[in-house]
Amino acid sequence: MIEVTDVQKIGIGLSGMGIAFLFLGVLFLFDKGLLAIGNILFLSGLGCVIGLERTFRFFFQRHKIKGSIAFFGGIFVVLMGFPIIGMIIESYGFFALFSGFFPVAISFLSRIPILGSLFNTPFMEKLVQKLGGDTGRTRDATTT
């Protein structure tokens with residue numbers, strides 16, 4: 001079992017609160033205050049969970065620089081007072097940064113009983129394959 005330190009527990013709480021504030025900010029018609037607080041909490045929680053050095057290494061890898069610029073640029077635009085434009089830019093950066101994680105997340109979610117059957121519907125299968133690539137659920141005749 002992996003031991004979770006107190007700082008990591010605080011980071012999980014901060015990240016969770018950040019996601020909650022981001023959700024509320026979008027729910028309340030892109031309230032810039034809630035979005036700004038959510039961004040700050042999420043980033044500080046990420047730094048606590050995986051450590052500051054690993055966070056910087058993650059965001060500033062050469063092949064992820066385009067996503068990092070979009071993500072942080074979107075946060076900056078939200079902080080400047082243009083929440084809708086900032087969230088669009090930030091969303092693009094988020095997908096560019098975390099696109100490598102989507103196949104793992106989709107594979108995990110497809111193994112959960114209720115969500116797995118939802119992912120097996122024809123529409124969702126096409127969407128899942130576009131987002132996460134082949135997760136091993138569908139195989140053609142050429143694959144053994």
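In this predicted model, helix H2 crosses helix H4 in a left-handed manner. The two helices, H2 spanning residues 32–50 and H4 spanning residues 65–80, pack at an angle of about 145 degrees, and their axes lie 9 Å apart. On the H2 side, the contact is formed by Lys32, Leu35, Ala36, Asn39 and Leu43, which meet Phe71, Phe72, Ile75, Val78 and Leu79 of H4. Classified by residue type, this contact of H2 with H4 comprises eight nonpolar residues, one polar residue and one charged residue.

Asn39, a residue of helix H2, takes part in this contact with H4. Asn39 counts as buried because its relative accessibility is 3%, under the 20% cut-off. Leaving aside residues up to four places away in sequence, Asn39 touches Leu22, Ile75, Val78 and Glu90.

An unreviewed UniProt entry lists residues 12–30, 36–56, 68–89 and 95–119 under "transmembrane region". The table describes the chain over two of these annotated stretches.

| Residues | Helix content | Strand content | Distance between end C-alpha atoms |
|---|---|---|---|
| Residues 68–89 | 91% helix | 0% strand | 11 Å |
| Residues 95–119 | 80% helix | 0% strand | 20 Å |

At the level of the whole protein chain, the domain assignment gives domain 1 as residues 6–99 and domain 2 as residues 103–133. The C-alpha centres of domain 1 and domain 2 are 25 Å apart.

Definitions and conventions:
Residues are numbered from 1 along each chain as its sequence is written. This is a predicted model: local features need pLDDT of at least 70, side-chain atom pairs count only at pLDDT 80 or more; totals for chains, interfaces and linings use all residues. Side-chain values use heavy atoms; hydrogens and water are left out. UniProt positions are given in the numbering used here, feature names are shortened, and annotations may be inferred rather than shown by experiment. Helices (H or I, at least four residues) and strands (E, at least two) are DSSP runs, numbered from the N terminus. Axes are lines fitted to C-alpha atoms, for helices over the stretch in contact, and angles run from 0 to 180 degrees between N-to-C directions. A crossing is left-handed if the near helix is turned anticlockwise from the far one by less than a right angle, and right-handed if clockwise. Contact means heavy atoms within 4.5 Å. Ala, Val, Leu, Ile, Met, Phe, Trp, Tyr, Cys and Pro count as nonpolar, Asp, Glu, Lys and Arg as charged, and the others, Gly among them, as polar. Domain bounds come from an automatic or database domain assignment. Buried means under 20% relative accessible area, exposed over 50%, partly exposed in between (1.4 Å probe, protein chains only).
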